[in-house]
Amino acid sequence: VELSSSQDEEIGDGTTGVVVLAGALLEQAEILINKGIHPVRIARGFEAAAQVAIDHLATIADRVEFTKDNLEPLMETAKTTLNSKILQPFKEQMAKIAVTAVIDVADLERNDVNFDMIRMEGKTGGSLEDTALVNGIVLDKEFSHPQMPTQLEDVKLCILTCPLEPPKPKTKHKLQISSAEAYEELYKQEQDYFVNMIQQIKDSGANLVICQWGFDDEANHLLLQQELPAVRWVGGVEIEHVAIATGGRIVARVEELSPDKLGRCGSVRQLSLGTNNSRRQERILILEDCANQKAVTVLVRGGNKMIVEEAKRSLHDAMCVVRNLVRDNRVVYGGGSAEISCSIAIRKHADTVVGVD
């Protein structure tokens with residue numbers, strides 16, 4: 001199981017192959033153990049054979065040459081990967097998405113790809129060919145109030161991990177209000193707290209609030225009055241992605257907010273998915289032209305959840321293959337030919353070696 005997980009993490013494909021190979025090696029190891037050979041000695045033999053195989057692969061490998069202006073070799077490789085997947089009918093489009101996503105976040109000088117900067121969002125409805133690459137972040141959220149504007153330009157956003165509501169005492173408490181005046185006073189205190197909080201956000205220069213927690217109708221109404229669009233219940237992982245992409249700092253208290261902690265992006269728009277006459281329109285937020293250009297999101301569409309999940313897995317495999325070619329552009333030929341070649345090389349080496357220390 002660990003071997004399969006490692007293969008998926010490093011390569012993205014071939015998980016079944018490594019399990020079958022490991023099973024075959026263990027089967028041969030059992031025969032040697034039954035002959036009385038110590039397991040450590042067998043393990044050393046496997047390691048020596050692995051080194052011979054690696055050295056031999058280096059001699060039979062070819063290189064896939066590509067540049068930022070000529071990505072055709074990467075496209076061909078990605079299309080080959082998608083041939084056996086559910087995305088095969090749209091492999092041209094999907095291969096382009098996979099290659100563009102990886103190249104956008106790659107550092108070609110260092111042959112490195114920061115895979116964490118590629119987000120995958122899946123949404124049911126529409127068909128597989130509606131899948132698109134967004135140069136920015138896609139959030140499965142909507143603005144907290146339906147009357148807030150659905151499109152913002154030149155956005156400065158503050159990222160908060162504190163709820164926009166009056167502080168609650170940690171201990172058990174009771175508050176007895178015996179007159180209308182006392183109630184009015186309490187209401188005014190809450191109002192002042194909200195107004196002060198929202199004014200601090202406005203003073204920092206922010207024109208969009210991204211909040212990890214929720215806020216009640218009172219705060220929502222005041223945000224609308226102050227023309228300050230807001231998004232609530234943005235999860236921890238998503239909020240980190242937003243912070244990295246926009247160059248903003250995650251702020252735990254409104255009092256600590258300052259202009260240098262704001263994130264920046266070119267535009268934020270709310271997109272409605274589904275037809276107007278459908279019972280429930282799903283909405284998503286798209287943050288484009290972020291301060292950190294090396295942040296992309298693949299928005300996967302499909303008829304149902306199973307199709308979307310399968311498409312995400314297939315695209316992940318294609319992107320892993322492209323990433324591996326960016327890291328190391330050597331390839332060997334498939335169909336078992338490389339394995340047979342290694343097998344012959346190891347056998348020849350084993351015949352010439354007297355013993356393994």
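1. Helix 9 contributes 6 residues to the lining of the second largest pocket, the most of any element. Helices (H or I, at least four residues) and strands (E, at least two) are DSSP runs, numbered from the N terminus. The model is predicted, so local features need pLDDT of at least 70 and side-chain atom pairs count only at pLDDT 80 or more, while totals for chains, interfaces and linings use all residues. Residues are numbered from 1 along each chain as its sequence is written, and side-chain values use heavy atoms, with hydrogens and water left out.

2. The second largest pocket holds about 340 Å³ of space. Its lining has 15 residues, and those closest to the centre are Glu-9, Phe-115, Asp-116, Ile-118 and His-316. Helix 1 (2-10), strand 4 (118-124) and helix 9 (305-327) are the elements that each give two or more residues to this lining. A pocket is an open set of points on a 1 Å grid over the protein atoms alone, where a 1.4 Å probe fits, with protein on both sides within 12 Å along at least five of seven lines; lining residues have an atom within 4 Å of a point. The volume is the space filled by probe spheres set on the points, which are joined across faces, edges and corners.

3. What is the make-up of that lining, in nonpolar, polar and charged residues? There are 9 charged residues, 4 nonpolar and 2 polar in the lining of the second largest pocket. Here Asp, Glu, Lys and Arg count as charged; Ala, Val, Leu, Ile, Met, Phe, Trp, Tyr, Cys and Pro as nonpolar; and the others, Gly among them, as polar.

4. Helix 3 (residues 39-60) has 22 residues, which at 1.5 Å a residue should span 32 Å, and its end C-alpha atoms are 32 Å apart, in agreement. The expected span is 1.5 Å times one less than the number of residues. Ile-42, Val-52, Ala-53 and His-56 of helix 3 are buried (under 20% relative accessible area; exposed is over 50%, partly exposed in between, with a 1.4 Å probe and protein chains only). The arc is that of the directions from the helix axis to the C-beta atoms. Helix 2 (15-34) and helix 10 (337-352) are among what covers them.

5. Ala-338, Cys-342 and Ala-345 are buried in helix 10. Their arc around the axis is only 65°, which puts them on the same side of helix 10. On the other side, Glu-339, Ile-340, Arg-347, Lys-348 and Asp-351 are exposed. The cover over the buried residues of helix 10 includes helix 3.

6. Two residues of helix 8 (residues 236-246) can be read together: His-241 and Glu-238. His-241 is buried, at 16% relative accessible area, and Glu-238 is buried at 15%. Neighbours within four places in sequence aside, His-241 is in contact (heavy atoms within 4.5 Å) with Asp-116, Arg-119 and Ile-137. With neighbours left out likewise, Glu-238 is in contact with Arg-119, Glu-121, Leu-139, Asp-140 and Lys-141.

7. Leu-82 belongs to helix 4 (residues 72-82). Is Leu-82 buried or exposed? Leu-82 counts as buried, at 0% relative accessibility. Beyond neighbours within four places in sequence, Leu-82 is in contact with Leu-87, Gln-88, Lys-91, Met-94, Ala-95, Ser-314 and Ala-318.

8. Glu-282 lies in strand 12 (residues 282-290) and counts as partly exposed, at 24% relative accessibility. Glu-282 is 11 residues from Leu-271 in sequence and 8.4 Å from it in space, C-alpha to C-alpha. Setting aside neighbours within four places in sequence, Glu-282 is in contact with Lys-123, Thr-124, Leu-271, Ser-272 and Leu-273.

9. Two backbone angles deserve a check. Most residues other than glycine have a negative phi. Asp-154, in strand 7 (residues 151-160), has a positive phi near 45° and is exposed, at 56% relative accessible area. Glu-227, in the loop between helix 7 (217-225) and strand 9 (230-231), has a positive phi of about 55°. Glu-227 is exposed, with a relative accessible area of 68%.
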